[in-house]
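The following note sets out numbered points on the model shown below. Each point takes up one topic and may be checked directly against the coordinates.

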Amino acid sequence: MVKQSSVFDNNRFGPIVKAMRWLALGLCLSSPVAVSAQDFFTLKGHGGPIKGIDAGRDGSIVTASFDNSIGLWRDGKPLWMEEHTAAVNAVAYLGKGQIVSAGDDYSVRYWDSSTGVTRLMGNHQAKIIQLALSPDGTRVASASWDRTARIWPLNQTDPIIEIEGHANTVNDVAFSPDGSRLYTASSDGTIRVWDAETGKFLQRLVEHGFGINTIVLAADESWLAYGAVDGGTRVVSLPDGQVMGDYTADRRPILAMSYSTQADRIAVGDAHGYIMMIDTSRWRISDDFQATLSGPIWALQFSPDGRNIHAGGLDNAMYSWPVTDLDGTNAMRDTARSFLKDPSEMSNGERQFQRKCSICHTLGPDSQRRAGPTLYNLFGRPAGAVTDYPYSAILEGSDLIWSEETVDELFDIGPDHFIPGSKMPMQRITAQSDRDDLIAFLKEATQPE
């Protein structure tokens with residue numbers, strides 16, 4: 001389903017969501033209608049953290065979010081694409097409004113925004129973390145927690161190449177510049193090289209000892225940079241895999257990387273909210289600033305001209321900084337999500353809500369593009385009853401009524417046991433006192449005004 005964002009054409013959204021749409025359209029002072037290179041800007045409108053970003057030479061920016069949706073942004077205006085049934089982790093922009101996406105619902109999907117057509121390309125057996133577009137634009141590679149990588153032909157006729165051999169989850173993929181080889185990074189601590197035409201194993205390039213989350217490759221394939229769970233940030237020469245430079249900081253883990261030949265920079269994002277820039281012309285750290293007060297950098301992408309770096313994290317917006325002005329003055333911390341505030345300012349019940357519920361659920365009358373329905377007027381409400389939220393089939397027509405007892409059981413045994421097959425992620429609140437405090441907070445916070 002492809003949806004053009006508008007403050008007029010969708011009656012199911014209330015005034016709060018309409019106000020958010022104005023923000024997304026850039027009609028407020030803090031988010032200009034048109035953005036230009038060398039300016040700090042934001043793209044607001046998603047209802048959850050930003051997990052993936054890609055950018056096209058036509059000026060388009062594509063964002064993937066925990067809210068199960070994709071945003072295609074042109075001049076600060078979003079076109080929403082909503083067919084995924086779980087968080088979208090990765091997007092690859094093919095140009096001319098065409099996108100490939102993948103996420104926690106195990107699926108790889110193709111989109112054509114000009115026609116509104118979307119199709120399922122196929123599925124992994126577990127969540128998909130990253131995508132890479134081949135240099136000639138004819139194939140997309142995917143990295144999955146089912147311990148495999150796959151290469152998907154866009155023509156729908158050539159065979160899908162399945163790559164097996166890692167002993168743990170595959171976290172990232174990258175094509176060689178000529179498209180003949182695929183590099184894979186895994187939680188088994190290795191980076192491996194494969195024949196992209198046959199899937200045949202070619203080389204074990206790196207053995208790091210800790211899980212490797214992200215990789216980027218030089219345009220001439222002379223080096224590869226990687227980031228790992230232990231914070232390791234290294235550059236190795238190709239094809240021998242010898243360490244050229246170690247840029248490890250006292251932060252962990254490394255979650256995202258991007259490389260720009262135009263900027264001669266590698267951008268590195270970590271779980272502490274820092275973005276580090278490595279100057280590849282001099283092989284030194286040129287910038288290192290805290291983009292978020294707390295929380296991870298999940299997505300990084302240079303603009304095609306190399307003048308801006310786009311970043312996504314826990315906030316419901318994508319942020320972009322000019323590479324020549326990374327002083328952090330407009331850092332994400334200025335609009336940090338509410339659950340990042342000092343825990344001492346919250347009751348235990350509110351703290352439980354912020355930690356367990358706030359990414360997916362709002363407390364107001366509207367669901368606001370979140371991954372889950374609003375909790376407004378929760379108690380006494382039948383499950384599956386919120387009109388502006390697309391429920392999973394298991395909850396449609398359910399006879400479950402939300403009450404103190406059912407909310408308590410939900411978090412006692414976990415959603416995967418209480419409502420098997422629902423979209424709600426697996427999580428528990430094991431202490432009875434914490435569940436009691438959460439219920440007390442929700443009873444007050446979800447009452448109709």
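1. Glutamate 221 is buried, with a relative accessible area of 15%; buried denotes under 20% relative accessible area, exposed over 50%, and partly exposed the range in between (1.4 Å probe, protein chains only). Glutamate 221 forms a salt bridge with arginine 181, the closest N and O atoms being 2.6 Å apart. A salt bridge here requires a side-chain nitrogen of Lys or Arg within 4 Å of a carboxyl oxygen of Asp or Glu. The pair links distant parts of the chain, 40 residues apart: glutamate 221 belongs to the loop between strand 19 (212–217) and strand 20, and arginine 181 to strand 16 (residues 181–186). Arginine 181, with a relative accessible area of 24%, is partly exposed.

2. On provenance, this is a predicted model, in which local features need pLDDT of at least 70 and side-chain atom pairs count only at pLDDT 80 or more, while totals for chains, interfaces and linings use all residues. Residues are numbered from 1 along each chain as its sequence is written, and side-chain values use heavy atoms, with hydrogens and water left out.

3. As to overall content, the chain has 5 helices and 29 strands. These elements are DSSP runs numbered from the N terminus, helices being H or I of at least four residues and strands E of at least two. Of the 449 residues in the chain, 56% are buried. The accessible surface of the chain comes to about 18900 Å², and carbon and sulfur atoms account for 49% of that surface; the areas come from the Shrake-Rupley method with a 1.4 Å probe, and for residues only the protein chains shown count as cover. Among contacts (heavy atoms within 4.5 Å) between residues at least 6 apart in sequence, 43% join residues at least 24 apart.

4. Strand 21 (residues 233–237) has 4 of its 5 residues buried, so it is largely enclosed by the rest of the structure. Strand 21 pairs with strand 20 (residues 223–228) in the antiparallel sense over 5 bridges, where pairing requires that DSSP find at least two bridges between two strands. In this pairing, tryptophan 223 stands opposite serine 237 of strand 21. Strands 20 and 21 form a hairpin with 4 residues between them, and glycine 231 in the turn has a positive phi of about 95 degrees.

5. What joins strand 21 to strand 22 (residues 243–246)? The two strands run antiparallel and are joined by 3 bridges. They too form a hairpin, with 5 residues between them, and in its turn glycine 241 has a positive phi of about 75 degrees. The bridge partner of arginine 234 in strand 22 is aspartate 246. The side chains of aspartate 246 and arginine 234 also meet in a salt bridge (3.1 Å, N to O). Aspartate 246 lies in strand 22 and arginine 234 in strand 21, so the pair ties together parts that are 12 residues apart in sequence. Aspartate 246 is partly exposed at 43% relative accessibility, and arginine 234 is partly exposed at 27%.

6. A search of the whole structure finds 13 salt bridges. One network of salt bridges links Asp146, Arg150 and Glu162. Another salt bridge joins the side chains of aspartate 408 and arginine 435 (2.9 Å, N to O). This pair links distant parts of the chain, 27 residues apart, with aspartate 408 in helix 3 (residues 404–413) and arginine 435 in helix 5 (residues 432–445). Aspartate 408 and arginine 435 are both buried.

7. In helix 3, the residues Thr406, Val407, Asp408, Leu410 and Phe411 are buried. The cover over the buried residues of helix 3 includes helix 4 (415–418) and helix 5.

8. Leaving aside its neighbours within four places in sequence, isoleucine 419 is in contact with Ile394, Leu395, Leu400, Trp402 and Leu410.
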